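Dear colleague,

Please find below the structure that I am handing over to you. I would be grateful if you would read the notes that follow it with the model open beside them.

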Amino acid sequence: MEIILLLFIFVLSGFLGFELIAKVPSQLHTPLMSGSNAISGITVVGAILAVNTSSDNLSVWLGFAAIVLATINVVGGYMVTDRMLGMFKKKGK
Amino acid sequence: MENLVNLSYIAAAILFVFGIKMLGHADTARKGNQISSIGMALAIIVTLLSQGLDYKLVLGGIAVGSVIGFIAAKRVQMTGMPELVALFNGFGGLASLLVGWAEYQRASHTTLAGLDIAKVETFTAAVIVLAILIGGITFTGSLYAWGKLSGKLGGRALTFGGQKAFNALLALGIIVAGVIFTLAPTAELAYPMLLAVIVLALLLGIFAVMPIGGGDMPVVISLLNSCSGLAACAAGFVIANNVLIVAGCLVGASGLILTIIMCKAMNRTLVNVLFSGFGATSQATGSASTGEMKPVSVEDAYYILEAAFNVIVIPGYGMAVAQAQHAVKELGEVLEANDCEVRFAIHPVAGRMPGHMNVLLAEADVPYEQLVEMDDVNPTIEMVDVAIVIGANDVVNPAAADDPASPIYGMPIINAHKAKTTFCLKRGKGAGFSGLENALFTAPNSRMIYGDAKATVSGLVAQFKDS
């Protein structure tokens, strides 16, 4: 049953994703890409859960490496996007 | 406690949804990005409340990753943006691969200890394979794209005999190993099969991106972006975690939309982009252009520009390579001071990533109102006195409109050849990045200005200032 629920969530969020950004001005293509790229770093949650004291050595280190990589993706992705959008903003003057 | 965690995940998912929605509109984009980052922070913080974490390693990992990400984001130049985005993307993919692997390692370890023989169910095994497969392809594919974009590997498409067969063989190997693993995830053979999937997926990522030419990079980058989301999504299925599934799926969908936009802008199908080895052969098809290229000196170009009332600038990858965006902005200013209307016409696939030219021109402080899209400039292009093509090639190649034999036939272009005069800034006389001849360069109203784009544009600016 749980599997079905997860698939249910998957399908609905897929449709939601397609509806969310039907038309994006080309100016925003890069920020949208790097911003959503940062979101894909959500896998850091899974990585954190793997680094559990009940886990064996190998899985702890795999999880640790995953935390580092995913955090780079998250922190770097959000900051770079913010920097870019900051430049777009200045035009309002 | 568990309820609190799950409720917070719902809140995080809502923040992601709003964040992505706002990222799609110019005036709310920056706030949208901040909102989505708050969602991410929330998801991470509540995850830290879970039982039994090895805090030293968890917090250490987060600290190390934050510092690296912070430094990379601070130091990158805007011209280096495509590479960095590709690199981050690859890291996300690899992280998802490792999460899938670690979860199997954990589960199978318990099995060995005799605690729970049927710990790894078929469904979990299947999604572990998916997380590893998609994550692995994303990782090496992005790394290869990074190498191409940063010029460390040649930008041209690389093909070799039997490449398609080789890739098909890799894919077949992944399917076989994946199925064997999924059917008996606790058998002795399972672990070697999983390692085989990892290795083959990593190889496939490299060999899938290898035959794709530099001009098609915007498609590849946005597709890899979509894949990194799907990999996170698969990792979410592995650990039965809603927030991973929702966030990963949103990214997967938005990346796919961007991919489709890019394909449409080139009037090609995704399959064609991925498998045609476009740009690998130089000048194999398309009619050879007749006529000669007519060079013009910077001085003569200045006299023509000085008399112009309506100028459009069409930037391409060459402007990024020459880092000419600041000089170009200055040229726009002196032209405006000379009572001339200046616009920048931007093709959706100009450059090496979606929106590449917008980022560069924004960095140089070009006013937003001066940036126009292809469809807005084409109807009135006959009124344009001078079109300045800076390092763009395929996106202004008239063969796309009138030569059915050309490989890019059907791709929408900016009709620079219909302007009264066209200046083409180009490093040399050779064919462009994709290896195609461009009839625009030999058109009667075209004048070539050879040399480094930045030097040329600065030269024009100097002429205006001296007079």
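This is a predicted model: local features need pLDDT of at least 70, side-chain atom pairs count only at pLDDT 80 or more; totals for chains, interfaces and linings use all residues.

Chain A

The secondary structure of chain A consists of four helices and zero strands, and its order along the sequence is α-α-α-α. With a radius of gyration of 18 Å, against the 12 Å that the globule rule gives for 93 residues, chain A is well over that value and therefore more spread out than a compact globule. Along the principal axes, its C-alpha atoms fill a box of roughly 55 × 30 × 15 Å.

Of the 93 residues in chain A, 61% count as buried. Among the contacts in chain A with a separation of 6 or more, 61% are made by residues 24 or more positions apart.

Helix α2 of chain A, residues 29-39, deserves a separate note: 11 of its 11 residues are buried. The buried residues of α2(A) include H29(A), P31(A), L32(A), M33(A), N37(A) and I39(A).

The contact between the chains

How many residues of each chain take part in the contact between chain B and chain A? On the chain B side there are 95 residues, and they are in contact with 77 residues of chain A. Several elements of chain B each supply at least two residues to the side that touches chain A, among them α1 (2-23), α2 (29-48), α3 (55-75), α4 (81-112) and β3 (371-373). Of these, α4(B) gives the most, with 18 residues. By class, the side of chain B that touches chain A has 58 nonpolar, 29 polar and eight charged residues.

A helix pair in chain B

Two packed helices are described by the angle between their axes and the distance between the axes. In chain B, the axes of helix α13 (residues 325-337) and helix α17 (residues 453-466) come within 9 Å and cross at roughly 25°. Angles under 35 degrees count as roughly parallel, so α13(B) is roughly parallel to α17(B). The crossing in which α13(B) passes α17(B) is left-handed.

From α13(B), the residues A327(B), V328(B), E330(B), L331(B) and V334(B) take part in this contact. They meet K454(B), V457(B), S458(B), L460(B), V461(B), F464(B) and K465(B) in α17(B). By class, the contact of α13(B) with α17(B) has eight nonpolar, one polar and three charged residues.

Yours sincerely

Key. Residues are numbered from 1 along each chain as its sequence is written. Chains are lettered from A and ligands numbered from 1 in the order in which they are written. Two residues are in contact if their C-beta atoms, placed from the backbone, lie within 7 Å. Ala, Val, Leu, Ile, Met, Phe, Trp, Tyr, Cys and Pro count as nonpolar, Asp, Glu, Lys and Arg as charged, and the others, Gly among them, as polar. The radius of gyration is taken over C-alpha atoms; the globule rule is 2.2 Å times the number of residues to the power 0.38. A residue is buried if 20 or more other C-beta atoms lie within 10 Å of its own, exposed if 12 or fewer, and partly exposed in between; C-beta atoms are placed from the backbone. Axes are lines fitted to C-alpha atoms, for helices over the stretch in contact, and angles run from 0 to 180 degrees between N-to-C directions. Angles under 35 degrees count as roughly parallel, over 145 as roughly antiparallel, 65 to 115 as roughly perpendicular and the rest as oblique. A crossing is left-handed if the near helix is turned anticlockwise from the far one by less than a right angle, and right-handed if clockwise.
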